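Please examine the sequence and the structure shown here before reading the briefing.

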Amino acid sequence: MTGSGRLLVVTAVAAERDAVAAGLAAAGSGLPGADLTDAAHPGSGPAADVVAAGVGPAAAAAATATALARAEAAGAPYGLVVSAGIGGGFAPAAPVGGLAVAEAIVAADLGAETEAGFTPVAELGFGTSQHLPPARLSRAVAAALGAAYGPVLTVSTVTGTAGRAADLARRHPTAVAEAMEGFGVAEAAAAAGVPVLEIRAVSNAVGPRDRAAWRIGEALAALTAAFGKLPAALEVDPEHD
């Protein structure tokens with residue numbers, strides 16, 4: 001990793017944070033250092049801080065920016081930021097219980113909706129609609145985790161209908177997953193000049209909302225397993241693709 005090699009992992013909720021922390025703890029000395037969780041949940045293990053930022057891109061961006069600024073001010077900057085948690089998978093690329101790693105982190109519903117369809121904010125000339133993780137690093141992480149590899153979509157409203165799922169798949173035919181925080185994390189990381197990854201464990205298929213079919217426990221277990229394997233994959237230097 002870059003800089004000090006310290007890792008910031010940003011999740012939405014406490015259950016995701018704890019799943020990530022358990023995986024990093026199981027990795028033992030894969031990364032040198034101390035603090036493993038946020039200030040309310042200190043521990044020992046890899047040089048990582050794991051923060052539950054809240055749900056959605058705005059909360060994720062605010063928490064990530066705050067953590068990055070505090071670390072920089074303290075003289076201990078982060079070398080990599082990872083957006084992590086559970087999410088929906090696009091079948092058949094990312095089945096329930098599997099993992100997805102972002103090739104691109106895409107703001108899928110940031111733009112304008114008209115009778116002619118959706119126009120991304122980038123095409124409107126108002127900014128960017130995606131961030132690209134370091135390609136060599138993200139590919140290496142996907143391979144190490146046995147994860148689906150492709151765009152991960154950030155949405156502010158979770159997809160719950162077949163129609164919207166079909167529309168997203170049409171606009172992003174290689175997408176592997178959908179979640180709610182990745183683009184916010186990536187915006188903050190980009191502003192600070194820190195590379196970013198996104199790792200998702202799949203709890204449900206993107207499509208009609210059926211809570212009975214969700215496998216949240218299975219996805220959290222997959223997230224723990226993923227972060228247990230992550231330190232070895234981070235030996236790739238994200239600045240040299």
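This is a predicted model: local features need pLDDT of at least 70, side-chain atom pairs count only at pLDDT 80 or more; totals for chains, interfaces and linings use all residues.

Residues are numbered from 1 along each chain as its sequence is written, and side-chain values use heavy atoms, with hydrogens and water left out.

**Overall fold**
- The protein has seven helices and 10 strands, taken as DSSP runs numbered from the N terminus (helices: H or I, at least four residues; strands: E, at least two).
- Of its 241 residues, 51% count as buried, that is, under 20% relative accessible area with a 1.4 Å probe, protein chains only.
- Among contacts (heavy atoms within 4.5 Å) between residues at least 6 apart in sequence, 76% join residues at least 24 apart.

**Helices α1 and α7**
- The axes (lines fitted to C-alpha atoms over the stretch in contact, with angles from 0 to 180 degrees between N-to-C directions) of α1 (residues 14–26) and α7 (residues 216–233) come within 7 Å and cross at roughly 35°.
- On the α1 side, the contact is made by A15, E16, A19, V20, A22, G23 and L24, and on the α7 side by L220, L223, T224, F227 and G228.

**Residue R139**
- R139 lies in helix α4 (residues 135–145).
- Its relative accessibility is 46%, so R139 counts as partly exposed, the class between buried and exposed (over 50%).
- R139 and G150 are 11 residues apart in sequence, and their C-alpha atoms are 9.5 Å apart in space.
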